[in-house]
Amino acid sequence: MTQVTLGAMALDLPTPASPFRIGTRGSPLALAQAYETRSRLMAAFGLAEEAFEIVVIKTTGDAVLDRPLKEIGGKGLFTREIEDDMLAGKIDIAVHSMKDMPVEQPGGLMLDTYLPREDVRDAFVAPAGGTLAGLPAGTKVGTSSLRRKAQLLNKRPDLEVVEFRGNVQTRLKKLEAGVAACTFLAMAGLNRLGMAHVAAGAIETDEMLPAVAQGAIGIERRADDLRAAEMLEAIHDGATGQRLAAERAFLGALDGSCETPIAGLAELDGGTLRLRGEILRTDGSEALADAESAVIEDGPEMARVMATGLLERAGDGFFDWR
């Protein structure tokens, strides 16, 4: 067993005989994110790859692919089984796409580590090329995201949206099969997979505001696991944490989930945080947006106030399914 001293604490580092277990979903993108986490921990502590074990866990969101997310119901569709295994001691940490994460974590778990954020923009993916604005009326666009669907129909109600679930590779195969003419993916995911060339172009955030926490990787641990806490602190990106604190406060105040079309993006400029937020009716018939700036420390409270203001403007039933 190897020990290092961090501050006043002697830290027992993992070894090939007793590896640090990293839980993740099994898609190529999820695995790429787990490998990135492992690489950063290896570099931070001078550890060999064999000191880690990647543990693949299938979630409800991965298992049920024949229905829209809203029909499966509940929050945590891509996290629940992973978190259950962590609470049971089967894994040490879990690596998540932050846009999949509920605002509240189960009792006993902590989410306070983020890797440097990738490109936050949505990618327009169309085998025939072209642009979103140039699509002919009636074109079939595939997406399972209520946010993307609502944003698209708000700007282009003449387009047809078809259900399009699955990982990056599955969605690309659906495009090849002609299920839809085009779709949206996250630029961050394509970049992490070395597949940026797949995008016909990135959609600027002024045109399509991304999902809250899009492009960010979060790492969850047991609250009482001091070794995991110390190890993760070494790879935490503070700027990403500041941005997500505001965005997730905005989402939490809206009680957002996969069943509500919500977008939000925080950006830093020196000591100032600027937050843009948007809520939409599920059919895209109405969109409400706001933007505010504050000192970074006040970002979460500003976000909650913004969310409250948008809800007051929206009125009852704004998020009702249409």
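Strand 3 (residues 20-24) and strand 5 (residues 93-97) run parallel and are joined by two bridges. Strands here are DSSP runs of E of at least two residues, and helices are runs of H or I of at least four, numbered from the N terminus. Two strands pair if DSSP finds at least two bridges between them. Within this pairing, Ile22 lies opposite Ile93 of strand 5.

The model is predicted, so local features need pLDDT of at least 70 and side-chain atom pairs count only at pLDDT 80 or more, whereas totals for chains, interfaces and linings use all residues. Residues are numbered from 1 along each chain as its sequence is written, and side-chain values use heavy atoms, without hydrogens and water.

The open sheet has five strands, in the order 4-3-5-12-6, with mixed pairing. Strand 4 (52-56) and strand 6 (109-114) are the edges. Each has a single partner strand, so one side of each lacks a neighbour in the sheet. On average, neighbouring strands are turned by 30° against each other, direction ignored. Axes are lines fitted to C-alpha atoms, for helices over the stretch in contact; angles between N-to-C directions run from 0 to 180 degrees. Helix 8 (residues 226-233) packs on the sheet and touches strands 3, 4, 5, 6 and 12. Its direction makes about 155° with that of strand 12 (217-222). Contact means heavy atoms within 4.5 Å.

His96 belongs to strand 5. His96 is buried, at 3% relative accessible area (buried: under 20%, 1.4 Å probe, protein chains only). Its side chain makes a polar contact of 2.8 Å with that of Glu220. Such a contact is a pair of N or O atoms within 3.5 Å; within protein, one must be able to donate a hydrogen and the other to accept it, and residues adjacent in sequence count only if both atoms are side-chain atoms. Beyond four places in sequence, the contacts of His96 include Gln33, Thr79, Met101 and Gly218.

Definitions and conventions. Buried < 20%, exposed > 50% of the residue type's maximum accessible area, 1.4 Å probe, protein only.
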